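This report looks at charged side chains and at one helix. Please keep the sequence and the structure in view as you read.

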Amino acid sequence: MPVLVDLIVMVGMLVIVPTGLRLADAPELDRTRRLWPVFAVPGVVALWLPRGPAATTLALGYGLGAALLALHALARIVRRPDPLRSWRTAPAEVALLTALLAPAVAATALVAERSGHPLFGFGLGILALTVPHFHFAGFAAALVAGLVSRVADGPAGRFAALSVPLGTLLVLIGYFIGDRAELAGAVVLTAGMWTVAFLTWRTVRPAARDRTTRVLLTVSAAVLAATMVLALSWALGEATGLPHPTLAWMAATHGVGNALGFALCSVLAWQRLNLRPAHEGRTA
């Protein structure tokens, strides 16, 4: 399982984050996006080194890039408060801010895990799984939910853009409070991701102009619908004691599916799309 998790994280670091930053329609992120390999490559190398000072130092390099994204999010709140005051634009903005903050959580877990020290009472195994979770359920899911809400303008789109960040936050809080709180987060996140899958299938896919893009969107929607069933079943089992998949099985199914089937197909499809938001004045 560790090798599989590290391969998934590599996809997140090297492909999903920089491609997602290009899709964010935020010019202030361009310089960080261009510099991203400077941060991502040390992070990838850190994954494959033994735990210790060298791996920790390289992980800190990745943490610097994640910190820059978090600072962009904070600066965006300070400089551009207006989108947060509109009930129409706020959901997409909240989704983007969540995407920018998520890598910082992943990087924090990465540094602690590579140094070999538990963090906030969480063992090294949980920290290792937190890294991919906040690249895909955090960054990729929130980003795509925000993009979908801009195209599928309506209550469902706004629900998706808000429930994915809320569900991700509740899952994070559940790490500290307990399994039942994490289950609540999984329920909210699953509802949001199913809505993203539905809107991708019903609204975004038909607007694609070529077959390849439609196939990518179809795969992302179908895989997302299936993998979130696994996530919900695991959280339910942890909270209630009912039989549920093991972490190794979850990494091989839910993890691989979300990384390749949902996140990778989604960002590749959105790169190919030429869709304008329903309201020209919006920002991502």
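## A network of charged side chains

Glu-28, Arg-76 and Glu-93 are linked in a network of salt bridges, a salt bridge being a side-chain nitrogen of Lys or Arg within 4 Å of a carboxyl oxygen of Asp or Glu. Because Glu-93 lies in helix α4 (residues 90-115) and Arg-76 in helix α3 (residues 53-79), the pair ties together parts that are 17 residues apart in sequence. Both Glu-93 and Arg-76 are buried, where buried means under 20% relative accessible area, exposed over 50%, and partly exposed in between (1.4 Å probe, protein chains only).

The model is predicted, so local features need pLDDT of at least 70 and side-chain atom pairs count only at pLDDT 80 or more, while totals for chains, interfaces and linings use all residues. Residues are numbered from 1 along each chain as its sequence is written, and side-chain values use heavy atoms, with hydrogens and water left out.

## Other salt bridges

The structure holds 7 salt bridges, and one of them joins Asp-30 to Arg-33 at 3.8 Å, N to O. Asp-30 counts as partly exposed, at 29% relative accessibility, whereas Arg-33, at 17%, counts as buried.

Arg-114 and Glu-113 also meet through their side chains in a salt bridge (2.8 Å, N to O). Arg-114 is buried at 8% relative accessibility, and Glu-113 is buried with a relative accessible area of 7%.

Conventions
Helix = DSSP H or I, 4+ residues; strand = E, 2+ residues; numbered from the N terminus.
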